[in-house]
Amino acid sequence: MSDEPAPASRRGLTVLPAGPDALLLEVSGAAESGIAEVLALHERVRAAVDRGEGPWPGVIDVVPAARTVLLHTRPGADLPALGAAARALAASPPPPSSPPAQGEVEIVVRYDGADLAEVAAMTGLAPAEVVRAHTSTLWRVAFGGFVPGFGYLVGGDPRLQVPRRESPRTRVPAGSVALAGEFTGVYPRASPGGWQLIGTTDAVLWDPDRSPPAVLTPGTRVRFVDIEASR
């Protein structure tokens, strides 16, 4: 009989093998509810790894995504025990609220994006109201992806939910601040992209010589600041 953990689900959590040294934890929620579940699960897993009890010391990296959390382990880690611990963690009552494990960063923005007027038209807001909606919310990095240093931020004003562009740009400048769906994000380097551009920032969000290289790590709270209002 194989000792590899079989797919299992409890209270919406599915545990899947992901190669010899990893487990994939998949939540059941879709779209916004799924991301909220991932955020909560990521915090609880990180806390368990930091405590170092049971099988959790075998985890060397925790990587959240839109609906999953990947547990990367040391070779030889007890994956069945880790899967059982993850299911128990997901099924247990939520812990008392505590200060966020990650910090808060401010990103100063010039709201001069090429799509600001179009976003205003789609949302029924004036451009200045789009800016106020974007800066009045404390956003949170749900997960990273696309290119190194790019964070998918959630928790914003729901009025700012707009679709991606029908025709993506072949080149989006580094530092572009953008919206797509429920997310906002900042392009850390020039790249193709299909999000709606509302501003630009000089913040360096990815530097391989810095520790950690990324400013926008999962769980980090982010507040955008209008450069005009800060003068």
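1. Contact here means heavy atoms within 4.5 Å. By that criterion, and leaving aside neighbours within four places in sequence, V222 is in contact with V105, I107, T137, L138, W139, V141, L153 and L216. The structure is a predicted model, in which local features need pLDDT of at least 70 and side-chain atom pairs count only at pLDDT 80 or more, whereas totals for chains, interfaces and linings use all residues. Residues are numbered from 1 along each chain as its sequence is written, and side-chain values use heavy atoms, with hydrogens and water left out.

2. Overall composition. The chain has 4 helices and 14 strands; these are DSSP runs numbered from the N terminus, helices being H or I of at least four residues and strands E of at least two. Of its 231 residues, 43% count as buried, where buried means under 20% relative accessible area, exposed over 50%, and partly exposed in between (1.4 Å probe, protein chains only). The chain exposes about 11,500 Å², of which carbon and sulfur atoms supply 55%; accessible areas come from the Shrake-Rupley method with a 1.4 Å probe, and for residues only the protein chains shown count as cover. Among contacts between residues at least 6 apart in sequence, 60% join residues at least 24 apart.

3. The nonpolar cores. A nonpolar core is a set of buried Ala, Val, Leu, Ile, Met, Phe, Trp, Tyr and Cys residues joined through side-chain atoms within 4.5 Å. The largest one has 23 residues, and I107, V222 and F224 have the most contacts inside it. The elements giving two or more residues to this core are β6 (104–109), α3, α4, β7, β10 and β14. Apart from it lies another core, of 20 residues, among them L23, V45, A86 and L89. In soluble globular proteins, nonpolar side chains tend to be buried together.

4. Helix α4. The buried residues of α4 (residues 127–135) are V130, V131, A133, H134 and T135. Their cover includes the helix α3 (116–123) and the strands β7 (138–144), β10 (176–180), β11 (183–186), β13 (196–200) and β14 (221–226).

5. Strand β7 and its partners. In β7, 5 of the 7 residues are buried, so the strand is mostly covered by the cut-off of under 20%. β7 pairs with β14 in the antiparallel sense over 3 bridges, two strands being paired if DSSP finds at least two bridges between them. In this pairing R140 stands opposite R221 in β14. β7 also pairs with β8 in the antiparallel sense, over 4 bridges, and here V141 stands opposite L153 in β8.

6. The turn between β7 and β8. These two strands form a hairpin with 6 residues between them. F146 lies in the loop between β7 and β8 (151–154). Phi of F146 is near 75°, a positive value in a residue other than glycine.

7. Aromatic pairs. Rings of Phe, Tyr and Trp (its six-membered ring) pair if their centres lie within 6.5 Å; planes under 30 degrees apart count as stacked, over 60 as edge-to-face and the rest as tilted. The count comes to 11 aromatic pairs. The rings of F146 and F150 have centres 5.4 Å apart and planes at 80°, so this pair is edge-to-face. The pair formed by F150 and Y152 is edge-to-face as well, because the planes stand at 70°, with centres 5.1 Å apart. F146 counts as partly exposed, at 47% relative accessibility, whereas F150 is buried, at 2%. Y152 is buried too. Ring pairs link F143, F146, F150, Y152, F183, Y187 and W195 into a cluster.

8. A cis peptide bond. The bond from S211 to P212 is cis, with omega near -5°. P212 has its place in the loop between β13 and β14.

9. I60 is found in β4 (residues 59–64) and is partly exposed, with a relative accessible area of 43%. Not counting residues up to four places away in sequence, I60 touches H72, T73 and R74. I60 and R74 are 14 residues apart in sequence and 6.4 Å apart in space, C-alpha to C-alpha. T68 is found in β5 (residues 68–73) and counts as buried, at 17% relative accessibility. Beyond its neighbours within four places in sequence, T68 is in contact with L24, L25, E26, V38 and V63.
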